[in-house]
Amino acid sequence: MATILLVEDELTLAETLRYNFEREGYTVLLAADGVQCLELARREQPNLIMLDIMLPRLDGFSVCRILRQESDVPVMMLTARQDEVDRIAGLELGADDYISKPFSLGELLARVRAIMRRTERQPRGLSREVLTAGPLKVDTSSRRAWRESDELTLPQKEFDLLTCLIRNRGIALSRDLLLERVWGSDFIGDSRTVDVHIRWLREKIEPDPARPRYIQTVRGIGYRFETPAA
Ligand code: CA
């Protein structure tokens, strides 16, 4: 049975959500602050973490950043208002989805079911992860990648870059963010490094590298991965 770790300091909301998740058949763990969330996430390995932003002790953004260094557990952020900045910050930190309060319970449950469906094929406890995007397939555990049935020869950084882009498909990722995710925050260099590796990657995965279909340039920002419609 799938387990949801619910991190919410508003007790009434937390209890309402817990009741509804349990009615759907999920096991629910409750954390009332960010520190408790990290402890429970490490110990219980939940299938999904539902994370409020305004939390005592450690806010949701900090929690999300730490979680992302430790695991690929799906994270859904609860934003307190229709705040675009919170939403983008959450996604840039690696959250899988967000929902703004007040939300409809029906919509929330539908999103949770969608995330669970996306992730249920990945066995828990193992780091095996196979990402597919159109004709591309990336197996992060064996570090192999294919286009159709052809295996791609990707050096480490290009492999990591492709993985990062596909994991965040549909989201514009800044060059700085890609540098931090792929090269690490202690990397000494500039964002043109990203451009060079994107060019090499396009030559390997794009049918026509001059007119990319998968890795789109986002002017003034960076890049966005798109899966073209078949
Ligand atoms: Ca709160």
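## Helix packing

Helix 6 (residues 156–167) packs against helix 7 (residues 175–183) with the two axes 9 Å apart and at an angle of about 120°. The two helices are therefore oblique to each other. This is a predicted model.

The crossing of helix 6 past helix 7 is right-handed. On the helix 6 side, the residues in contact are K157, D160, L161, C164 and L165. They meet L178, R181, V182 and W183 of helix 7.

## Aromatic pairs

A pair of aromatic rings is described by the distance of the centres and the angle of the planes. Searching the whole structure gives two aromatic pairs. In one of them, F21 and Y26, the ring centres are 6.4 Å apart and the planes lie at 75°, so the pair is edge-to-face. F21 has 0% relative accessibility and counts as buried. Y26, at 12% relative accessibility, counts as buried because the cut-off is under 20%.

Y214 and F225 also form an aromatic pair, and this one is stacked, with 6.1 Å from centre to centre and 10° between the planes. Y214 belongs to the loop between helix 8 (192–205) and strand 11 (215–218), while F225 belongs to strand 12 (residues 222–225), so the pair ties together parts that are 11 residues apart in sequence. Both Y214 and F225 are buried.

## Charges over rings

Which ring does the charged end of K137 sit over? The ring is that of W146, and the charged end is 5.0 Å from its centre. R111 lies over the face of Y98, 5.8 Å from the ring centre.

Terms used: Residues numbered from 1 in each chain as written. Predicted model: local features only at pLDDT ≥ 70, side-chain atom pairs only at ≥ 80, totals over all residues. Heavy atoms only, no water. Phe/Tyr/Trp six-rings, centres within 6.5 Å; stacked < 30°, edge-to-face > 60°. Buried < 20%, exposed > 50% of the residue type's maximum accessible area, 1.4 Å probe, protein only. Helix = DSSP H or I, 4+ residues; strand = E, 2+ residues; numbered from the N terminus. Lys NZ or Arg CZ within 6 Å of the ring centre and 35° of its normal. Axes fitted to C-alpha atoms, helices over the stretch in contact; angles between N-to-C directions. Parallel < 35°, antiparallel > 145°, perpendicular 65-115°, else oblique. Left-handed = near helix turned anticlockwise from the far one by under 90°. Contact = heavy atoms within 4.5 Å.
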